[in-house]
Amino acid sequence: MTRLAHLWDQSRCIGCTACIAACNVANYSSDTKENKTWGWLRSNIRRIEILRGPRPMLLLVQCQHCDNAPCVAVCPTGASYKDVDGLVKMRPELCIGCKYCMVACPYEARWLDEDTGLPRKCMGEECLSRVSQGLQPVCVEVCPAGARAFGDIDNPTSEISRRLAKSRYIRLLENKGTEPKYFVVVGP
């Protein structure tokens, strides 16, 4: 069985946002229109700054490709689905724009494309194409700090599995029961 997942190493990230810019370039053709849902660039990665607490923190949030994805459960048409590779994907041709998936996602990882009236999420078309060819998503490819990894967490020899085995990590909002596959490394 294959279960593809993302890893973001918060302790290595230098906050350069190259991953966000690369997502915009690859998946949205460098479109400069605003993603009004997030008040942000058209990208599938959202940057959140947490200023309260002992020190400021940066959090990069994107689709968690949950094993128990609420967005899939509420989709009335089957447009949102979990593929055999473990990724949560969309069939735009089946989407009716009801936005149930956007409301159901506890990570607020989907945004509304006002041009099409349809939700968008990680992974975009270019990244899905790259992954189908055995390449890494663009966010992983461009990271100058090696803060990102992507791969099969059911394969113990994959880079992501090896990094998870030797790191302390968290999964966001685990109490929601979604079984997210976006791992945030917080230290060795």
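**Fold, cores and backbone exceptions of the predicted chain**

Met-123 is situated in the loop that runs between strand S9 (118-120) and H4. In this predicted model, the peptide bond joining Cys-122 to Met-123 is cis, with omega at about 5 degrees. Most peptide bonds are trans. Met-123 is also listed among the residues with the most contacts inside the largest nonpolar core, which is described below.

The secondary structure of the chain consists of six helices and 12 strands. For 188 residues, a compact globule would have a radius of gyration near 16 Å, and the chain agrees with this expectation because its own value is 16 Å. The C-alpha trace spans about 45 × 35 × 35 Å along its principal axes. Of the 188 residues, 46% count as buried. The accessible surface comes to about 9,500 Å², and carbon and sulfur atoms account for 52% of this area. Among contacts with a separation of 6 or more, 56% are made by residues 24 or more positions apart.

An open sheet is formed by four strands in the order S10-S1-S12-S11, with mixed pairing. Strand S1 (residues 4-9) pairs with strand S12 (residues 182-187) in the parallel sense, over four bridges. Within this region, Trp-8 stands opposite Val-184 of S12.

In soluble globular proteins, nonpolar side chains tend to be buried together. Here, the largest nonpolar core comprises 38 residues, and those with the most contacts inside it are Trp-8, Ile-45, Leu-60, Tyr-107, Met-123, Phe-150 and Leu-172. At least two residues of this core are supplied by each of S1, helix H1 (18-28), strand S5 (57-61), helix H3 (100-104), strand S8 (111-113), helix H4 (125-132), helix H5 (138-142) and S12. The largest share, five residues, comes from H1. Apart from this core lies another, of eight residues, including Ala-5, Ala-149, Leu-164 and Val-185.

With neighbours within four places in sequence left aside, Tyr-107 is in contact with Arg-46, Val-61, Gln-64, Cys-66, Leu-172, Leu-173, Thr-178 and Pro-180. Under the same exclusion of sequence neighbours, the contacts of Leu-173 are with Pro-106 and Tyr-107. Leu-173 and Cys-75 are separated by 98 residues in sequence and by 21 Å in space, C-alpha to C-alpha.

Most residues other than glycine have a negative phi. Glu-108, although not a glycine, has a positive phi of about 50 degrees. Glu-108 is placed in the loop between H3 and S8, and its relative accessibility of 49% makes it partly exposed. Glu-179 likewise is not a glycine, yet has a positive phi of about 55 degrees. With a relative accessibility of 38%, Glu-179 counts as partly exposed.

Technical notes: Residues numbered from 1 in each chain as written. Predicted model: local features only at pLDDT ≥ 70, side-chain atom pairs only at ≥ 80, totals over all residues. Heavy atoms only, no water. Pairing = 2+ DSSP bridges. Rg over C-alpha atoms; globule rule 2.2 N^0.38 Å. Buried < 20%, exposed > 50% of the residue type's maximum accessible area, 1.4 Å probe, protein only. Contact = heavy atoms within 4.5 Å. Areas by Shrake-Rupley, 256 points an atom, 1.4 Å probe, with all protein chains shown as cover. Core = buried A, V, L, I, M, F, W, Y, C linked by side-chain atoms within 4.5 Å.
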